[in-house]
Amino acid sequence: MNLALSDEQVFLREAARGALSRFKTLEAAREALDGNDSALPDLWPAACEAGWPGLLIDEAHGGAGLDAFDAMLVLGECGRVLAPVALLGHLPATAILNASPAAAGLLEPLSSGERRAAYLPTMPPNDLVDGWRVDPAHGSTRPSAALAKDDGKGGALVSGALAFVPDAPGADLLVGVALLDGKPVGVAIEASASGVSIEAVHRYDATRSLGHVTLSDAPATLLDAPEEALAGAWHLAQALIAAESLGSVETALEMSVAYAKERHTFGRAIGSYQAVKHALTEVLRQLENGRSLLYYAGWAREGAPAEFPLAASAARSVAGRALDHGARTMISVHGGIGATWEHDAPLYFRRAQLSRRLLGGTAAATDRVAGELIAQADAA
Amino acid sequence: MDLDDTPEQAAHRIRVRAWLKEHKGEAPVIGNPTHPDAITDEAEIISARRAWQGKLAEAGLAGVTWPKEYGGQGLGPIEQVVCNQEIAKAGVPGILDAIGVGMLGPTLIAHGAEEQKSRYLGPMLHGDEVWCQLFSEPAAGSDLAAVQTRARQAEDGSWSLTGQKVWTTNAQFSSYGLLLARTDPEQHKHKGLTMFILPMDAPGVTVRGLRQISGEAEFNEVFLDDVKLDEDAVVGGVGNGWGTALTTLMFERVTIGLGGEGLGYNSVRFAKGIASDEHGRRDSEVRRQLGEISSELLAVRFTGYRTLTALQKGQIPGPEAGLAKVTIVNGAIKAGDLITDVLGPDALDEGSEWAYMISFLPGLKSAGGTEEILRNTIGERVLGLPPEPRLDKGIPFSELRSKEGATA
């Protein structure tokens, strides 16, 4: 048994921290909220230099051939400084392609980052709902997945609407799931193809690049990834956003602890009061639980694939709540100043509120945990 | 990063599994009243479990981390976990004296005199003599260094002990107790303490069961009335009791870390409780709560593996391991509440699987230090937050009580 970071993983994490420290991501996040989108740094070249686009692609196709846990370490570093690196969209897309022998030709430029992919999030069935579904643009009713039809030339034509697709604006290739004669198949669609429209949308957190993707008979390459890989991409995305969220919790906790040591009231550092101390240990408790579940998810994806949906969903569930709680605690510990525009705390609060509603939302992940366990209980 | 056995651990597991397969039939049957060989009499259960502990120790399945010279295997914590896992898998009871073998024995190994080790460790490991931990008192729990049980030394070097201990597991059938007493009230609180070995049959020792919410007595009170001990009953030197106690508490954290889901509060069990109700298992609010509780309980399992990894690398688990206890207890409390909401008053029937758990948990919240004190410790030691101002530093223990009165 070994649940510790390897030397290579420590190096990967430190290198990521170093690379991202060259950018003033928090200042940029605030400026972007004020309407100056161009303030956000283009971090893709730094990501390419670090080799992140190819993290989950086999070495034979120019990638690093690493595991989901390594990708989670990088996402955690992005989350720490709210760095807008387009990995949440790119990595699950490459995971589907990497599991599709027919798509081997697409991988090389995606490994180097010369081309960027975005994953079209499609939620696999659970114990209560049989079908594959997507996030809606409004409200709570989840529409069915995109539909594919044979184009008579070995490919497919795909139609459907996918809302709030991470990192879709500016992506070169869209990779996801569509239903062909009722069966889920992997599809890869050139973003520049006819029938593809990507509308950039902004909601509450300017560092999060999102797009509404509309497909009308968009020409697609059919992928031969097995169904588990299609579902696996969804769960991978859950694990990645969980890791990113926990990175943000780390910063929220560090800033809160630092302030609780230096700020004095009634003649004492506020961190000496139990009320403040207990609130901060609660953030730590949730953070540590989340970290443990990242290990679970990282291990399960290779070591116990049947448990990966449970592990990734549990990580997402805990991380989503940890981020909300951590961000709110950061504001409370700082007092009124923590709720002002000049402070960094609101940036983390905004990140928390939007993140928890993306990719099916923390709620759907929590429900899947229950469903997976009820299934285990039925089988026991 | 992996959860697999190394080749050595796998070989160890095969040996353990083979032994259990061969000797499973010799294990006492308890907690299963419909079984033809079931033992239900309390005294018979204890003696059968002691005998079974002896067999486990003989076979090298208990005290795995103890040095070989004291009857252990001289192996690492992972090998002990492998034994625990296989014992659980085989469906047989583990050792009776987990407190002795897991916490008090290792304390004697670390601090005891050679004669104490050779006299006590063997019978402890084999279940011939069960041990209990006499630390907590009515006014010294989370603030353990406030113990008032007084040990006075006579001219001839012998000791006389008077006071009261509480929350003592297994005291009713223990042969010995490891006891923390105050030997010098004129010293600062943490300084004037000494650790003793107490024979539980010594004149002046009275053990009384302490009934709790469930109606059962899971713990005891132990009264000491002028109990005489020889000079050689001292462990680790006079005045060094606090350091010795910290060793025991450290092994307590290790035991919790190795125990993992040993309390049986795990996510699949709770899911089973919900799944038995056709409506509850489909209700989105019930599922949300089950999902939230279970996610945290799953996390604790992997926190345990992280602790084990640290132990294997020779690191000692810090107070943050205590957060796992907070998660388990609060998670189980919420789960019991949710299951009762779903199943209704039937879940509170004495015969139900849940009634005992629901009764036991409110007390467990304070076991091994209250949640509030734990959060203080973690806030200070792990997060580095400044300590709460204290009134008990730098003054003799004897003056502390009057000072407490003055600020009340």
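The loop between helix H10 (345-355) and H11 of chain A is the place of A:Leu359; helices (H or I, at least four residues) and strands (E, at least two) are DSSP runs, numbered from the N terminus. Although A:Leu359 is not a glycine, its phi is positive, at about 50°. A:Leu359 has 24 C-beta neighbours inside 10 Å and therefore counts as buried. A residue is buried if 20 or more other C-beta atoms lie within 10 Å of its own, exposed if 12 or fewer, and partly exposed in between, with C-beta atoms placed from the backbone.

The model is a predicted one, in which local features need pLDDT of at least 70 and side-chain atom pairs count only at pLDDT 80 or more, while totals for chains, interfaces and linings use all residues. Residues are numbered from 1 along each chain as its sequence is written, and chains are lettered from A and ligands numbered from 1 in the order in which they are written. The model scores ipTM 0.96 and pTM 0.95. For chain B the mean pLDDT (the predictor's confidence in each residue, from 0 to 100) is 92, and 97% of the residues of chain B reach 70 or more.

Because A:Phe266 has 6 C-beta neighbours inside 10 Å, A:Phe266 counts as exposed.

Chain A as a whole has eleven helices and nine strands. The radius of gyration, taken over C-alpha atoms, can be set beside the globule rule, which is 2.2 Å times the number of residues to the power 0.38. For 380 residues a compact globule would have a radius of gyration near 21 Å, and the 21 Å of chain A agrees with this. Along the principal axes, the C-alpha atoms of chain A fill a box of roughly 80 × 55 × 45 Å. Of the 380 residues of chain A, 55% count as buried. Two residues are in contact if their C-beta atoms, placed from the backbone, lie within 7 Å. Among contacts in chain A between residues at least 6 apart in sequence, 73% join residues at least 24 apart.

One helix of chain A shows how burial is arranged. In helix H6 (residues 104-112) of chain A, the residues A:Leu106, A:Leu107, A:Leu110 and A:Ser111 are buried. Seen down the axis of H6(A), these buried residues fall within an arc of 130°, so they line one face of the helix; the arc is that of the directions from the helix axis to the C-beta atoms. The elements that cover them include helix H5 (87-98), strand S1 (117-120), strand S4 (173-180) and strand S5 (183-190) of chain A. After H6(A) comes A:Gly113, with a positive phi near 90°.

Chain B has twelve helices and eight strands. The radius of gyration of chain B is 22 Å, close to the 22 Å that the globule rule gives for 408 residues, so chain B is as compact as a globular protein of that length. Buried residues make up 41% of the 408 residues in chain B.

The expected span of a helix is 1.5 Å times one less than its number of residues. The 17 residues of H2(B) should therefore span 24 Å, and the end C-alpha atoms are 25 Å apart, which agrees. Within H2(B), B:Arg49, B:Trp52, B:Gln53, B:Leu56 and B:Ala57 are buried. They fall within an arc of 140° seen down the axis, so they line one face of H2(B). These buried residues pack against helix H5 (114-125) of chain B, whereas the face turned away from the buried side carries the exposed residues B:Ala43 and B:Glu44. Just after H2(B), B:Gly60 takes a positive phi of about 85°.

Finally, the two chains meet. In total, 43 residues of chain A are in contact with 45 residues of chain B. On the side of chain A that touches chain B, helix H7 (227-262), strand S9 (268-269), helix H8 (274-303), helix H9 (308-334) and helix H11 (361-379) each supply at least two residues. H8(A) gives the most to this side, with 16 residues.
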